[in-house]
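Me: I have a structure open and want to learn how to read it. Can we go through it feature by feature?

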Amino acid sequence: MTAPDNDAWYDDDAGRMVRSYALTGGRTPDAALSLDRATQVVATLADAGHGAAETPEHEAILQRCGAPQSIAELSASLSLPLGVIRVLCSDLLEHGSLARSRMVQPRDRDILEAVLAGLNRL
Amino acid sequence: MSTTDPDNVTKPPGEPQSTSERSIRSSLTLAVTIPWIVVLVLWLVWCASFITDGVYTRLIASGVRQVSLPAVTALDAVQTERQLSQELLAAGGGDQTALQQQQARTDAAVGDMNRTIESALSSAPAAIAVPVEQLTTELGKLPQIRSRLAAGQVSSPELTDYYNNVFTIATELFDVQSRIVPDTDASQGGIAATALFRSTDLMSRESALISTALTTGRLPADQHLQLIQLNGSYHTELEKNVSYLKPAVRARYERLVSSPEWAQLVVAENKLLQQGEWSDPAETGVSLEEWRRLTDAVGGELTALTRDQADQVSTEAVDNGDNAITTAVAGAIAAGLFALGFFFWTRRRYRSVIDGSLLPRLQRLSAEARELAEKTLPSMMRRVRSGDRVEVESNALQGYGSDEIGQVADAFRAFQQEALQAAINEADTQQGALTFYIGQTRRVQSALGPLPQRLDALLQNEEDPDRLGALFALDESVTQARHVVENQLVLCGAAPGRRWSRPRDLTEILRASAAETKHHDRLRLGHVPSVGVTPQVIGDMLRMFAELFANAASFSPPGTDVHVEAVSVGSGLVVQISDRGVGMTPDARNGANETMKNPPGFASLVRLGDRGEQLGLFTVAQLAERNEWVVEFGTSIYQGVRAEIFIPQVHLVTEDDEERRDSWSGDVPVASASAPAQPLPTRVPSAASGTVVAEPVVQEEPKPEAPRASTEGEHMDRPPLPQRVPYADLPAGFGEDEPTDRQSKPEFAPGLMTFFNADRKSRDDAGDKPNSDDDMQ
């Protein structure tokens, strides 16, 4: 009882209401799936947003995956931890309503050289 | 003799007649009445005995006067007639003129006597009536004797026997009369009169004997002997009784004794006695005429003495009887009047004490004590328990004086003060314990509070599955601990640390509440309408649903689902939580429902013990009651328990309220982004699209003051948001820098809040809890 104001937390000051472990049912990402933050996923058209989802979070992912999205992007836009997104995405991948997107890597040599030069200047 | 009739006493209206009052009345009445009955009886006996004595004395004396005095006169005549008859018989005939004259006088006297007797005999007592009747019967034989005498058919002894018999009966009569008079003086005087009469009779017999002897001219030896006896007897009798005569009679007797006739008679008698038997009257020296003259004079005087004595004694006796009656009556009247006066005084005193003073005071005391016990004391107890300062000294039950009733009133007052003081002490103790408990719980909350947000930060970019799993486990433990701590604070009447400033979606609340239990993975959400919950009840709803989830999960086998659905009804929303357990027994279900309808106080936890489900139900009941939610337990279609919770519309924010929805939909990115898939919660995607990305960042940043600033400043276009309301249940002293208008909001534990005020704002003012700070720090 030293600082009463510090004992009050408004709205999500006390963390998100639905805790992360509850979103995944306590599950952690399966390392074998090798979904890293850069992995891009895309909703399969047939199932997009309809009937495949168990939770609102699943649905939200499918909603946003009309176009390919990276795991990191999903995490940021849904304000969900990376690990949670990975578990949920692996659910959807397993179900087939989500698919890995072929990643198109930028191969611009000028950019890469500019990066190298920058690094050298450090 | 009863002083008061208990039934006539008017009772105060509405006051039931108590048995004790009746008993006091009747026993006191009895105690007062019985002595008076005894007094009455004694008085009657006393009156009766004195008056009876007087009446009896008077009756006898008047009988003596009415019967005996005429009888003495008549008997005097009979004596004379006897002497004449015997002389005539001895002479063997002769002049009967004197006898006939005497017989006429005798008849007149006896006739007088009989007439008097007839009138007096009816009222005379039997002791007198019987001998009187014998006497009259005997005198009734007189004509027969006379006729036989005239015909010469009667012998001298027979004649003597007859007359002697008459006088014996008369003497007996007088003797009886004398002895039955209750008055001692009268009795002695009467006996003396009787002795006088007997002496007269004896002397008369002697006179007749000598007269006869002088007439016949000889005195045989046996008659001489008789003479000696008669002479000795009457002299002895006279001398023996002279001292009992009335003074006047005695003086007259002295005069008689000193008279020449008496001396001459004695001389004559002595001569006759000394002479022995003789056959020639001349030998005696006593002539018949001389003898007659002497005996007539002395005998008449003796008869007069007898009459005088009887007359005086009976007059005195009548007077004594009259006096006794008068005295008795006067005494009785005086005693009766005195007793009556005293009786009325006693009755008035009794009434003034019992009816005027004792019973009304007792009834007033009873009514006031009842009022004290049933109204005043409980209301003061309530005030004490709600934290008011209550004056222990009270004005109740004053004005009863210092007598026994006053002492009872004092005892009641002392009892009330003791009870009140005990209640105050108990309330203080409870308040102290509660304060201590709340303080300690807040410390725990302080330590736990920041953890979820830090965990969220740690989780945000954690990629390592093992560390993620460890963080999940840590988060779960922290969340559950926070749940417990918040429950404790809420049930203790304090505000938990977590609050909301804007509505949240019901689905989110349901999921969050499941996450606060260790059974979160068993939650299965069915159809839940898309409604928001007003901020001020979000915390309580979270805690209540969490308890109900825990209850459902603990009553069903591990691994089975707990189904949650919600249905909109006209006036609100019904949430159904069903498990697939073994169900509750009807008794347990009824008990749980009863707990929900009438939430028990903390005191009942002593009986319930620390069984988890009971604590859970207790918590649910408290939370439901303070928010006016209705919780009912029934049977689910899965054979388990189905809890139904009714949430009134006032706690809900529907999508129909467009403006409100705008204000809070952005806070719920997950829910608002959900697709309208069934049976999952639905929200029209288009309605929420575009607002979801930017808002969360904004909303997670602000400190407690920030949301209010942003709502009032930056979002002026929005309607007044409900986020001001959730602080209503903040303790008044919870935030020193917050506007003071919050302190006027209703609070759950005013006493506690008072303490917080004192503790936070002005510790100097909190003189009644000087040690609390030390306990908390």
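Reply: Start with one term. A residue is buried when its relative accessible area is under 20%. Keep in mind that this is a predicted model.

Me: Which residues of α3(B) are buried?
Reply: In α3(B) they are I128(B), A129(B), P131(B), V132(B), L135(B), E138(B) and L139(B). Here is the general idea for reading such a list. An α-helix has 3.6 residues a turn, so residues three or four places apart point the same way.

Me: Now the chains. How many helices and strands does chain B have?
Reply: Chain B has 26 helices and nine strands. Of its 777 residues, 48% count as buried. Chain B exposes about 36,700 Å², and carbon and sulfur atoms supply 55% of that area.

Me: How many helices and strands are there in chain A?
Reply: Chain A has five helices and four strands. Read from the N terminus, the order is β-α-β-α-β-α-α-β-α. Chain A has 122 residues, and 52% of them count as buried. Its accessible surface is about 6,000 Å², with 53% belonging to carbon and sulfur atoms.

Me: What share of the contacts joins residues at least 24 apart in chain B?
Reply: Take the contacts in chain B between residues at least 6 apart in sequence. Of these, 75% join residues at least 24 apart. For chain A, with a separation of 6 or more, residues 24 or more positions apart account for 74%.

Me: On to sheets. In what order do the five strands of the open sheet in chain B stand?
Reply: First the general idea. Strands of a sheet pair through backbone hydrogen bonds, either parallel or antiparallel. In chain B the open sheet has the order β3-β5-β6-β8-β7, and its pairing is mixed. The edges are β3 (523-525) and β7 (630-635) of chain B. Each has a single partner strand, so one side of each is left without a neighbour in the sheet. Neighbouring strands of this sheet are turned by 25 degrees against each other on average, direction ignored.

Me: Which helix packs on that sheet?
Reply: Helix α15 of chain B, residues 506-515, packs there. This helix touches β3, β5 (562-569) and β6 (572-579) of chain B. Its direction makes about 170 degrees with that of β3(B).

Me: Which pairs in this sheet are parallel or antiparallel?
Reply: Go along the order. β3(B) and β5(B) run parallel, joined by three bridges. There, R524(B) has H563(B) as its bridge partner. β5(B) and β6(B) are antiparallel, over eight bridges. They form a hairpin with two residues between them, and E565(B) stands opposite Q576(B). β7(B) and β8(B), residues 641-648, are also paired in the antiparallel sense, over six bridges. In that pair, V631(B) stands opposite I645(B).

Me: Which strands does β2(A) pair with?
Reply: Two bridges join β2 (residues 40-43) of chain A to β3 (residues 69-70) of chain A, and the two run antiparallel. Q40(A) stands opposite S70(A) here. Three bridges join β2(A) to β4 (residues 98-100) of chain A, again antiparallel. On that side, V41(A) stands opposite R100(A).

Me: Is L506(B) buried or exposed?
Reply: L506(B) is in helix α15 of chain B. At 1% relative accessibility, L506(B) counts as buried. Among the residues L506(B) touches are V528(B), F545(B), A566(B) and V575(B).

Me: Last one. At what angle do α8(B) and α11(B) pack?
Reply: The angle is about 170 degrees, and the axes are 9 Å apart. Angles over 145 count as roughly antiparallel, and α8(B) and α11(B) are therefore roughly antiparallel to each other. Residues of α8(B) in the contact include V249(B), Y253(B) and L256(B). Those of α11(B) include V298(B), L302(B) and L305(B).

Note on methods:
Residues numbered from 1 in each chain as written. Chains lettered and ligands numbered in written order. Predicted model: local features only at pLDDT ≥ 70, side-chain atom pairs only at ≥ 80, totals over all residues. Heavy atoms only, no water. Buried < 20%, exposed > 50% of the residue type's maximum accessible area, 1.4 Å probe, protein only. Pairing = 2+ DSSP bridges. Axes fitted to C-alpha atoms, helices over the stretch in contact; angles between N-to-C directions. Contact = heavy atoms within 4.5 Å. Areas by Shrake-Rupley, 256 points an atom, 1.4 Å probe, with all protein chains shown as cover. Parallel < 35°, antiparallel > 145°, perpendicular 65-115°, else oblique.
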